[in-house]
Amino acid sequence: MESYLNVNLDYIDKNIDNIRALKPNKLFCAVLKANAYGLGLVPIAQSIEGKVDYFAVARLEEAICLRKSGIKKPIMLLGYVAYNEVDECIKYDVDIPIYDLSYAKKINDNINNQVNVHIAIDSGHGRLGFRENQTDDILVLKNLHNLNIIGIFSHYSTADEPDSTFTNLQNERFQEILRNTSSEFNFKYIHIENSAGSINVKSQSNMIRVGLALYGLYPSVDMKNKVKLYQSFELKTHISFVKNVEKGIPISYGRTYVTEKNMKIATIPIGYADGFLRAFSNLGEVLIKGKLCKILGRVCMDQIMVDVTGLDVNIDDEVIIYSDIYKEANKVNTITYELLTDIGMRIPRVYIKNGKIIDIINYLGEIYEN
């Protein structure tokens, strides 16, 4: 394999244990949306099902995929569910969010069996949810008998920041809605803490929802001293070509880089079609033989060129992409979440358990073989 993504399942287990230790009395919901943040939905779910209480995904197709792969634990959708998808949610025992009264009524009136529901609260994130002045609308939901309301949840927007003022305000709003509605509903699941909140915030919830931290990344570098996380993935590739060039040679599209001296340049078979952002042009760095090597010129669809001057390198030598994913994300004004979830489907995922490779998933190979 010229490029591949190692996924260490043992490290994910350790991350669950360490985060659980912070909130030992709370249920643990593992967030597996976006193909488990790019690392592989089914292998990770199957590996950790015995260690968690709940799964959360963003799309119905993800939930169905989990059910068809044998996952039995509860699954909830975090985002919009189309009206014509609700029967499928019932069929596959998938919980849905409700965040608007008219939306709820239409769902209730168009299904013949109950669907499990978590009431979504917008406590300040501004995405989906009833707001604090909509308590009356929330209370109407108790009359919609096809909606089996089992949970209520919200989502922090700044729990990864040192200043907890707004997070505290979100907690207050969420608790106020709970006080005003709990007598009418039997909420089995109460959840607001995301990865950052699970590490950084105390709330009156009984379940935490952990996404990024599950995979060993900190929502912010400020949290590194609060819990030990193990980065569970490593993106690797290999040198495909090495050449010596003289001063004045343009590199890649647009000639945005021209060699300033005699240089040794390596070509690497990874590009923006693999999710390696074009924004890294003339900016990003990769690790080769323990040295950071700068990208020269524009990132191509399938390849990049890097400066290996002074290094003894050859075709097939290993290259580590994102040796410091926090640093690389900062360079292009983005976040680790984006770099991780952007890793393309033509990069095979290699799963490691107890120090051994237990599975390799090649999504592109599956597409072509089918």
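**View 1. Overall fold of the predicted model.** The protein has 12 helices and 20 strands, where helices (H or I, at least four residues) and strands (E, at least two) are DSSP runs numbered from the N terminus. This is a predicted model, in which local features need pLDDT of at least 70 and side-chain atom pairs count only at pLDDT 80 or more, while totals for chains, interfaces and linings use all residues. Residues are numbered from 1 along each chain as its sequence is written, and side-chain values use heavy atoms, without hydrogens and water. Along the principal axes, the C-alpha atoms fill a box of roughly 75 × 50 × 40 Å.

**View 2. Burial in the protein.** Of the 370 residues, 54% count as buried (under 20% relative accessible area, 1.4 Å probe, protein chains only).

**View 3. The largest pocket.** This pocket holds about 900 Å³ of space. On a 1 Å grid over the protein atoms alone, a pocket is an open set of points where a 1.4 Å probe fits, with protein on both sides within 12 Å along at least five of seven lines; lining residues have an atom within 4 Å of a point. The lining has 42 residues, and those closest to the pocket centre are Lys33, Arg127, His155, Asn194 and Tyr337.

**View 4. Elements around the largest pocket.** Two or more lining residues come from each of helix 2 (33-37), helix 9 (195-200), strand 9 (207-210), helix 10 (325-331) and helix 11 (336-341). Helix 10 contributes the most, with three residues.

Key
Points joined across faces, edges and corners; volume = space filled by probe spheres on them. Buried < 20%, exposed > 50% of the residue type's maximum accessible area, 1.4 Å probe, protein only.
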